[in-house]
Amino acid sequence: MIADQLILNKKESKTTYKEDKTSEKPMRSIAKAFSWRVIGTLDTLVISYLLTGKISLAASIASIDFVTKMVLYFFHERIWNLVKWGK
């Protein structure tokens, strides 16, 4: 099954940004990144609080985690959107 997809995808040409944009728009990736980071940040906040016992330190860790991982997730999604495998 995977081999079939890899063989079939070899025959297809590379996509352009315009074509990629139609399969999943950047705003969708941003919305997905934001919603996932809210969940992930709450998890980080709870774990940080349990480990440190200080809500202010846990909130600082969670805030930094929220911003950096949302940016990383956005670019991760955009790169995966270029991959033909599994589409």
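How do the elements of the protein chain run from the N terminus on? They run α-α-α-α. Hello everyone, let me walk you through this one.

What you see is a predicted model, where local features need pLDDT of at least 70, side-chain atom pairs count only at pLDDT 80 or more, and totals for chains, interfaces and linings use all residues. Residues are numbered from 1 along each chain as its sequence is written, and side-chain values use heavy atoms, leaving out hydrogens and water.

The protein chain has 4 helices and 0 strands; helices (H or I, at least four residues) and strands (E, at least two) are DSSP runs, numbered from the N terminus.

Now to the aromatic rings. The structure holds 2 aromatic pairs. Rings of Phe, Tyr and Trp (its six-membered ring) pair if their centres lie within 6.5 Å, with planes under 30 degrees apart called stacked, over 60 edge-to-face, and the rest tilted. Phe 34 and Phe 66 make an edge-to-face pair, 5.7 Å centre to centre with 90° between the planes. This pair links distant parts of the chain: Phe 34 sits in helix H3 (residues 26-52) and Phe 66 in helix H4 (residues 55-82), 32 residues apart.

Are these two buried or partly exposed? Phe 34 is partly exposed at 46% relative accessible area, while Phe 66 is buried at 18%. Buried means under 20%, exposed over 50%, and partly exposed in between (1.4 Å probe, protein chains only).

The rings of Phe 74 and Phe 75 have centres 5.2 Å apart and planes at 80°, so that pair is edge-to-face.

Finally, the whole chain: buried residues make up 21% of its 87 residues.
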